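Look over the sequence and the structure first, then read the points by topic.

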Amino acid sequence: MKAHNGMYIDGAWRPAAGRDTIAVVNPADEQVIAEVPAGTAEDVDAAVRVARAALPAWAATAPAERAARIAALRDVLVARKDEIAETVTAELGAPLPFSQAVHAGVPVLVAGSYAERAASYAFEEKVGNSTVYAEPVGVVGAITPWNYPLHQIVAKVAPALAAGCTVVLKPAEDTPLTAQLFAEAVHEAGIPAGVFNLVTGLGPVAGQALAEHEGVDLVSFTGSTAVGKQIGATAGAAVKRVALELGGKSANVILPSADLAKAVAVGVANVMGNSGQTCSAWTRMLVHTSQYDEAVALAAEAAAKYGDRIGPLVNAKQHARVRGYIEQGVAEGARLVAGGPEAPREQGYFVSPTVFADVTPEMTIAQEEIFGPVVSIIRYEDEDDALRIANGTVYGLAGAVWAGDEAEAVAFARRMDTGQVDINGGRFNPLAPFGGYKQSGIGRELGSHGLTEYLQTKSLQF
Ligand code: NAD
């Protein structure tokens, strides 16, 4: 696969300061497909300086012009969507149709939404005898994971650019090729040099250097809760703005009045998409005791149907980790009704779609984020019991509620400690705020809420 042997800084591909490289591996066949430079603190420093130098001019650019550049970026993402989908499939392993529809498709919607928002947002308002200005926070350090490699970049960079911020991006080491493609798209869209910069590299080296850099005004991080805590602490010590999108262990609550077959089928599909590597996946299915056996049978059947259509996990480490969780589920007494810890193929980091029954709320597989194609079905006795189980983890990113009556589902959803809930299979909305309660994070991405993360307010009194 095509790769740049440099960092995108100040509108050009510059050689890295060091010589180390990162091998990019195709998780479907374990072959090395490219190498990219492993950036150091020196590369990060160069990129931050350039982003700071570019800030005054970009912040002063009229919102309509910023909107036009973001619209041009969206157009490049549309024009290059096949290449994007193929690249995501090669380095993440997602099946091509999923890469086309989701990995290449959703970023187009999000970039388009911020082109519109930049043009229409009220960056200035009157409050009594004051004028209140929404000004860009400054230089953004964006650190992204590999599971939705382009979406997570666009969900940070598009609102940051709309707000008038400049950006240094450190993408995940497993998926740097998608990030390089994005940098090419930024270039083609005519976004001025220095406004967006890319440094590829390892998390504890380049990522940490970016999070700690005193020239960064806001760190926007998506990834694991463990690293998020560290980044939050670093930002706190420097009194720096921070946005954290972290892990999840979301509940799919099926109330007795729901369409059980549909709720189970959609619930299983929600977890299996992207091979279970979705932070907001509904990995705990909560079913009333009267419908439990039927739900288990339906879920096992739905998972078995997935068979070969599921992609591999991203790397060998995740492969070992997820299989370890499945073994632990068995050891703790959960009952396997589909899949299991055995690798279904000799080559590639594949795990079979797996369903556990007889999972109790305190089991490890019901508490910790597995990040693989594993559904745990948990029994509840009544609504209060369901709510206690749904809210009984350290996470609060997403969830689902199914009921015969929408109002009944909404009443339950309002009691859940979580950032977003899909009612009876409600569709993904790229304008709805996305983010977590509790240890799932701080701040929101997407839509207007996502834009305000990159703004700070100034009031002038008259
Ligand atoms: P990770 O935390 O290891 O890595 C995420 C990013 O942080 C990568 O770019 C990595 O290089 C970087 N990083 C790692 N250590 C760092 C450090 N010490 N300092 C600075 N940067 C560092 O997570 P991952 O394994 O890549 O992603 C999986 C996790 O991300 C899962 O827990 C998942 O739930 C979470 N996630 C959350 C969301 C969300 O929106 N809430 C979205 C996707 C993934």
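This is a predicted model: local features need pLDDT of at least 70, side-chain atom pairs count only at pLDDT 80 or more, and totals for chains, interfaces and linings use all residues. Residues are numbered from 1 along each chain as its sequence is written, and side-chain values use heavy atoms, with hydrogens and water left out.

**Cysteines**

- Cys279 is buried, with a relative accessible area of 12%. Buried means under 20% relative accessible area, exposed over 50%, and partly exposed in between (1.4 Å probe, protein chains only).
- Cys165 is buried too, at 0%.
- A search of the whole structure finds 0 disulfides. A disulfide is a pair of cysteine sulfur atoms within 2.5 Å.

**Ligand surroundings**

- The ligand is surrounded by 29 residues. A residue counts as near a molecule or strand if one of its heavy atoms lies within 4 Å of it.
- The closest are Lys170, Glu173, Ser224, Leu246 and Glu369.
- An oxygen atom of the ligand lies 3.1 Å from a polar backbone atom of Gly223. A polar contact is a pair of N or O atoms within 3.5 Å; within protein, one must be able to donate a hydrogen and the other to accept it, and residues adjacent in sequence count only if both atoms are side-chain atoms.
- A nitrogen atom of the ligand is 3.5 Å from a backbone N or O atom of Gln208.
- For Gln230, a polar side-chain atom lies 3.5 Å from a nitrogen atom of the ligand.

**Helix α2 and its partners**

- Helix α2 covers residues 63–79, 17 residues in total. Helices (H or I, at least four residues) and strands (E, at least two) are DSSP runs, numbered from the N terminus.
- From first C-alpha to last, α2 reaches 24 Å, close to the 24 Å expected at 1.5 Å a residue. The expected span is 1.5 Å times one less than the number of residues in the helix.
- Buried residues in α2 are Arg66, Ala67, Ile70, Ala71, Ala72, Leu73, Val76 and Leu77.
- The buried residues of α2 pack against α1 (41–60), α3 (81–92), α4 (96–120), α5 (149–163) and α6. Contact means heavy atoms within 4.5 Å.

**Thr178 in helix α6**

- Thr178 sits in helix α6 (residues 176–188). Thr178 is buried, at a relative accessible area of 2%.
- Leaving aside neighbours within four places in sequence, Thr178 is in contact with Thr87, Val88, Glu91, Pro149 and Leu150.

- Helix α9 (residues 260–272) has 13 residues. Its reach is 18 Å from first C-alpha to last, close to the 18 Å expected.
- In α9, Leu260, Ala263, Val264, Gly267, Val268, Val271 and Met272 are buried. They are on the same side of α9, because they cover an arc of only 155° around the axis. The arc is that of the directions from the helix axis to the C-beta atoms.
- These buried residues pack against β12 (251–254), β13 (284–288), α10 (292–306), β15 (354–359), β16 (374–380) and β17 (399–402).
- Asn252 is in strand β12. Asn252 is buried, at 0% relative accessibility.
- A polar contact of 2.7 Å links the side chains of Asn252 and Trp402.
- Not counting residues up to four places away in sequence, Asn252 touches residues including Ala263, Gly267, Arg284 and Ala400.

**Positive phi**

- Most residues other than glycine have a negative phi.
- Asn274, which follows α9, has a positive phi near 60°.
- Ser275 is not a glycine, yet its phi is positive, about 55°. Ser275 is in the loop between α9 and β13, and is buried at 3%.
- Lys438 is not a glycine either, and its phi is about 50° and positive. Lys438 lies in the loop between β18 (422–423) and β19 (441–442). At 38% relative accessibility, Lys438 is partly exposed.

**Val410**

- Val410 belongs to helix α14 (residues 406–413). Val410 is partly exposed, with a relative accessible area of 36%.
- The C-alpha atoms of Val410 and Gln318 are separated by 35 Å, and the two residues are 92 residues apart along the chain.
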